[in-house]
2 protein chains.
Amino acid sequence: MKKIYITAIFVLFSTFLFSQKKEKANESTIVEKVRNYRKANEHALLKEYIELLSLPNIAADSLNIRKNAAFIMEMMKKRGIGKVQLLEEGNPLAPPAIYGEVIVPNAKQTIIFYAHYDGQPVNPLQWASGLEPFKPTFVDNSLDKGGKIISYPKENEAINPDWRIYGRSTADDKGGVFAILSAYQALEKSNIKPTVNIKFFFEGEEEAGSPHLGKILDKYKNMLTSDLWIILDGPSHQSGRKQVVFGVRGDVNMSIKIYASKRPLHSGHYGNWAPNPAMQMARLLTSMKDENGKVLIDGFYDDVIPLTTSEKEALAKIPTVDEEVRTDLGFTKPEGGGLSLVELINLPSLNINGMQSANVGAMAANVIPTTATAVLDLRLVKGNDHARQVEKVVKHIRKQGYYIAENEPTDEERLQYPLIAKVNALSGYNAQRTQMDLPVAQQVVRAVQSSTAEPIVLMPTSGGSLPLFLFEKYLNTPTITVGIPNYDNNQHAENENIKIKSLWGGIETVAAMMTMK
Amino acid sequence: MKKIYITAIFVLFSTFLFSQKKEKANESTIVEKVRNYRKANEHALLKEYIELLSLPNIAADSLNIRKNAAFIMEMMKKRGIGKVQLLEEGNPLAPPAIYGEVIVPNAKQTIIFYAHYDGQPVNPLQWASGLEPFKPTFVDNSLDKGGKIISYPKENEAINPDWRIYGRSTADDKGGVFAILSAYQALEKSNIKPTVNIKFFFEGEEEAGSPHLGKILDKYKNMLTSDLWIILDGPSHQSGRKQVVFGVRGDVNMSIKIYASKRPLHSGHYGNWAPNPAMQMARLLTSMKDENGKVLIDGFYDDVIPLTTSEKEALAKIPTVDEEVRTDLGFTKPEGGGLSLVELINLPSLNINGMQSANVGAMAANVIPTTATAVLDLRLVKGNDHARQVEKVVKHIRKQGYYIAENEPTDEERLQYPLIAKVNALSGYNAQRTQMDLPVAQQVVRAVQSSTAEPIVLMPTSGGSLPLFLFEKYLNTPTITVGIPNYDNNQHAENENIKIKSLWGGIETVAAMMTMK
């Protein structure tokens, strides 16, 4: 027993010496080997990815969601990942999470790699000509920069890393699934052992607000023990550099529907007399924000917990990209009264996601609409509570003279109140932030930095939102977010896309983290 | 020759005596005979009407529009109407007008009966469950009052006059085509001679703003001579009484599109910083009207020619229905700062027909939209010029700080101007008003009154719009408008409908005018 003990000590010690000495060389070797594997297998990797992208993946579309899950499970099994299974909380209509694991002998740490395989809802009519959300299409540049659709690359054709693939979830977030599974495959095929136990967790309803994620984490908490969740989601930094993000804003959506006349009216016979709900909505929304984008709702900026000193220092180090991004996006005056983008991301926001009353374009008619609807999203920072933030907006709507109806207003309500709105708070969650100086966080930082020659960006809080508080709440485990796609990926909208270069970079980033020291 | 002359005098004289003596009796006899004919033929009349309603009739859908025209020509030929033909200005894509005539020996006057057979654009998704725009459907009451869909009445089943037919153009304005052709048929089959030469004119692009009507009137002006155009369009009075309308408001549509970022943006990563076009649109629209609905655009109410004394007197006699209509429509506070509906109809208006930015409902996504669009319609009264009224709005938009782009803004424009809008003025035309005391106008008033026991409503100006100035401009002929459908017909919107009772009443109204003294 003693002998065994000494041998073990020796093995460990020599491994330690070796790894210390060769660390630099080893790391570059890993990234190089992974890159070489990818170069030799680009066509096969993309072929499988295109198949995955072709599966419609709206969370509410439970039949197709399960086709996605089955496809991903197959991908995992092909790669020799163990214990591949669906994690379900019981509701057969709820999109399942997918689990798998690779236990590495002697590994001291366990890292769970997360991505989500569902995508934002689509309106195919809004996509550019020639594109369909679930027909992934190669384009030789960004469409905004005059990119042209090109045919699927032939087997002997070199794949230009500046090409893009257009389609729903190319970036958000099947790109994450791709990077995780391709990185593991590249390591495995290159005979490189991960340094940590790896668990895989692919969610199927993130874009729907993760309504069942908490229950799933709770139910499978023994299976889901780890030292850290690494969330593959969100874009890389606008400067093009790789970035590590330590927190996310919270988010809550609300929909406001204003009711006027019960019947749509001829705008000639009744225009000037019957109230117009679109005009009422315009007035209500205008009351919420000033011309500089400052939210005018009482107490909107209260509750915010200020950034720590190290977070402020990190913010100061982030390359300023506001002018380039603004020019690229084609507008003259940002909101925010002169604050920078990273400063504004650390404040709660109120944004109109969509607004509709009757029709515009070919279907426009000379009517006074019956209703007008706006969908808002409120982004939240540390300190905000999603229910409390919604309540501030509701209070503001009441203050503008509105009666808040619980359901479609009854005839009695219609004849009692001059202004009627139905307000629905949709699913929401609070912000989350991991301490930047946790040892495991620093390990991740070093690993990501090892995969790129350029300095990486460390971001205390992403502008985007993920329900990361759930991992703290149910598993008491920190999270770190690493984004893969080009920032101009049209995430959440029509013409979503990812650069091939981002896919390749993502494989290397994940491989570096799977072999982190 | 002399003998013939004396005989002719005698015949004329005795006819005169006879008609003078029997006038009262004759008139009620005519309406009664027409009613009896209708009662005996309700199923056949409705069957043909349902076929007509089943033909999609959007003006831009040139193939289907011509199917409608062919069907109506067939209806006219079956009724023995002469010279049935299409009137076209030359553009094969422009919807043709349909012409026909009945020359009555010894008639001194010629009346042209007008209706339009095209309908407003449709969005089938907005129609109530079970309804489709071009699948005319019987409902046992207004849907708003709990009406239920019923099956097509069987041949031996009594048709309840309170039933409604739901479908596009049931009211606006195939109802007019139906009333005109059914009235002529009822007279003809009852051996009642019209007292006037009748010309039939059915337009096919009224809901598209009648872009070719002027050219058609000009080209066929020798064929289209008459003493009066009677326009069958618009609803009956809200009190349920029949009404004769002497003028119409003008109308011009404009669309405003606001441009912000070139690409749709993730609302988390950029919300608070990237400008939101929906919010900009809300602010712009809010600047146009105050809370009472008063338009705040400089000079908006200038140019208006005041009503004459007899028009003011007529207005005073119109039954006040504001409270009943308001209650029926289910709202508490009308716009207009206390003015009545008929007073407000005699002022120019600004109405939002539709408004959209990105998506709401199931397709809503967490984005900052790239554009926001609003469609306005400006109703015009005597004195307003449509181009001048649009110019006032454009000037107002500029005054709010907007740069008006001629086309999609270029990159240079985007980076030069903080607020960018593209404004399109769509087709428009001015108001028109016929003198109420013209002898032929008084003949029409007497005829319509003869077809109903209740006092009819005389309305100097309808709230609605028709391009009636064209009849003055090209033919120098006055127009009078007579509405058939129930006022709650959802004209121009989803769930358009007509009461069977209104169809029957319309036949009698038109028959009375075709036999007016």
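**Exercise 1. Work out how chain A is divided into domains, and what the two parts share.**

Start with the bounds: in this predicted model, chain A falls into domain 1 (23–137 + 167–246 + 434–514) and domain 2 (249–304 + 347–429). Next, look at the spacing. Taken over C-alpha atoms, the centres of domain 1 and domain 2 of chain A are separated by 36 Å.

Now turn to the contacts, counting two residues as touching if their C-beta atoms, placed from the backbone, lie within 7 Å. On that basis, nine residues of domain 1 of chain A meet eight residues of domain 2 of chain A. On the domain 1 side, strand 19 (residues 462–465) of chain A gives the most, with four residues. Finally, sort that side of domain 1 by residue type: three are nonpolar, six polar and no charged ones turn up.

**Exercise 2. Describe the interface between chain A and chain B, then find out how their strands meet.**

Begin with the totals: 82 residues of chain A are in contact with 83 residues of chain B. Which element gives the largest share of chain A's side? That's strand 12 (residues 349–358) of chain A, with nine residues. By type, the side of chain A that touches chain B splits into 34 nonpolar, 33 polar and 15 charged residues.

Strand 12 of chain A pairs with strand 12 (residues 349–357) of chain B in the antiparallel sense, over four bridges. To pick out one position, go to A:A358, which stands opposite B:G354 in strand 12 of chain B.

**Exercise 3. Determine the symmetry that relates chain A to chain B.**

Superpose the copies: a rotation of 180° with 0.1 Å of shift along its axis puts chain A on chain B, with an RMSD of 0.1 Å. That's the relation of a two-fold axis. Last, check which surface each copy uses: 100% of the contact residues of chain A recur in chain B, so the same surface serves both copies.

**Exercise 4. Trace the four-stranded sheet in chain B from edge to edge.**

Read off the order: this open sheet in chain B runs 5-4-6-21, with antiparallel pairing. Which strands are at the edges? They are strand 5 (149–150) and strand 21 (497–499) of chain B, each pairing on one side only.

Strand 21 of chain B is joined by three bridges to strand 6 (residues 164–166) of chain B, and the two run antiparallel. For a residue-level handle, take B:R164: its bridge partner in strand 21 of chain B is B:K499.

Note on methods. Residues numbered from 1 in each chain as written. Chains lettered and ligands numbered in written order. Predicted model: local features only at pLDDT ≥ 70, side-chain atom pairs only at ≥ 80, totals over all residues. Nonpolar A, V, L, I, M, F, W, Y, C, P; charged D, E, K, R; others polar. Pairing = 2+ DSSP bridges. Domains from an automatic or database assignment. Least-squares fit on C-alpha atoms with pLDDT ≥ 70 in both.
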